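Look at the structure first, then read the points beside it.

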Amino acid sequence: MTCKITFDKNNGIYTAGETITGRVEITMTDLMNIRHISLNIRGKAEVRWTESKSYRENGKRKTRRVTYSAEEQYLNSETFLFGQEGGPTIQLPIGMHSYSFACMIPLGVPGTMNGAHGKIWYDAKVKFDIPWGFDDTFKKGFTVIPMVDLNQDQSLRMPSEVEKIKNYCSWSCSSSPAVINVKTPQTGFAVEENIPITISINNLSSVDITEIQTKLVRETVFTSRSPRSKNKMEKTRITYQKCDLSTERRNQTIDLTSKLTVPNTLLTERQSSIIKISYHVEIAVYVSGCHNTARLYIPVTLGTYPLSPSLQTNTVVPQIVAPITNMMPPVPLPHPSPVPSPIPFRGPMALPVSMPPYPVNNMSSNAPLAPYSSDDQDIGGPPPSYNEVMYGWQENKQVEHEPSAPNS
């Protein structure tokens with residue numbers, strides 16, 4: 001027996017709100033007694049890490065391991081391709097059986113990601129319910145890109161500015177401070193866009209400024225629910241630029257601009273309650289001698305679509321004044337009929353209910369067999385990270401055996 005899950009998109013990458021379509025092809029070389037064959041489209045977040053805790057017992061110091069974990073489900077749509085749940089035992093005939101399916105991905109689900117302490121994954125799972133035996137399961141993952149529309153938040157169009165006054169002390173006395181000012185024209189950016197950064201420094205101290213670094217940093221916060229709520233943060237430097245000021249180190253005033261290009265990376269994630277992703281621009285000012293580095297931070301948001309050009313104009317619309325004449329009184333307009341309230345969403349995340357992956361057709365061994373090509377290779381495997389989005393899929397099927405309850 002073989003089972004092949006194929007998505008109509010060869011790269012297996014979908015955007016939230018899209019409908020995932022594909023087919024399941026089962027080839028039987030022998031008769032098999034089963035209760036049913038089911039297809040489950042799933043999406044889930046998992047958080048897990050372990051820490052060491054010290055405690056005393058009978059006056060002795062001991063250490064134990066504590067595991068923090070949490071789970072959250074975003075998509076769970078199941079349909080039966082053959083047979084029915086709780087039905088009688090039936091035989092799956094010899095031959096090839098093909099089933100098409102379609103399932104809408106909810107608009108507000110988070111995107112696929114893999115971190116050090118958790119992950120968000122999506123897959124399609126086919127299960128053979130075998131009585132008095134072990135169930136066979138076949139899985140194939142796909143990638144979901146979240147829908148983060150920067151134009152929905154007008155505050156992202158506003159410029160951002162931070163300023164810091166840094167005092168550098170020596171053994172004998174403290175010198176005058178250095179005033180550091182950093183600006184960005186906006187705080188919302190999309191992949192492959194540039195983040196322009198303007199840096200102005202008024203150095204009134206006796207310390208030389210030797211180098212300035214600008215970085216785009218991602219912060220991923222994992223939140224556990226068992227045995228209690230606790231956060232675990234992971235910081236990742238995405239890209240950076242270094243400015244050498246060896247020739248301008250003694251200048252009192254330093255003005256420069258830096259540009260960080262947003263690479264193909266994970267987007268800002270706020271939909272999940274146990275895995276959140278945020279970004280900020282970090283500016284580090286390095287000086288000579290034994291002094292602490294001054295650091296400034298500007299939060300930014302990475303989205304699916306860039307900000308559209310502003311439509312604000314200063315054009316004055318001319319007013320047309322008509323001469324006063326004897327006019328008929330205006331006819332009252334009918335009152336608009338009330339609009340019914342929208343149907344509320346269901347689920348813990350208040351997301352739209354997804355469409356079940358309805359099978360479109362069922363070809364048994366008595367019907368004409370669908371053409372099968374050996375070139376139709378499986379492109380399955382675990383969902384890729386965003387840095388692997390453009391590199392396609394690799395062959396990787398997983399077969400699991402699960403114990404099944406005997407037929408009553």
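**Strand pairing and cysteines**

Strand β10 (residues 118-129) pairs with β5 in the antiparallel sense over 12 bridges. The model is predicted, so local features need pLDDT of at least 70 and side-chain atom pairs count only at pLDDT 80 or more, while totals for chains, interfaces and linings use all residues. Residues are numbered from 1 along each chain as its sequence is written, and side-chain values use heavy atoms, with hydrogens and water left out.

Terms
- Strands (E, at least two residues) are DSSP runs, numbered from the N terminus.
- Two strands pair if DSSP finds at least two bridges between them.

Around β5
- S38 stands opposite F80 in β6.
- The two strands β5 and β6 form a hairpin with 2 residues between them, and N58 in the turn has a positive phi of about 55°.

The open sheet
- An open sheet is formed by 4 strands in the order β12-β13-β15-β18, with antiparallel pairing.
- β12 (160-166) and β18 (253-261) are at the edges with a single partner strand each, so one side of each has no neighbour in the sheet.
- Strand β15 (residues 194-203) is joined to β18 by 9 bridges, and S200 stands opposite D255 in β18.

Cysteines
- The whole structure has 0 disulfides (pairs of cysteine sulfur atoms within 2.5 Å).
- C243 is buried at 15% relative accessibility, whereas C290 is exposed at 82%.
- Buried means under 20% relative accessible area and exposed over 50%, with partly exposed in between (1.4 Å probe, protein chains only).
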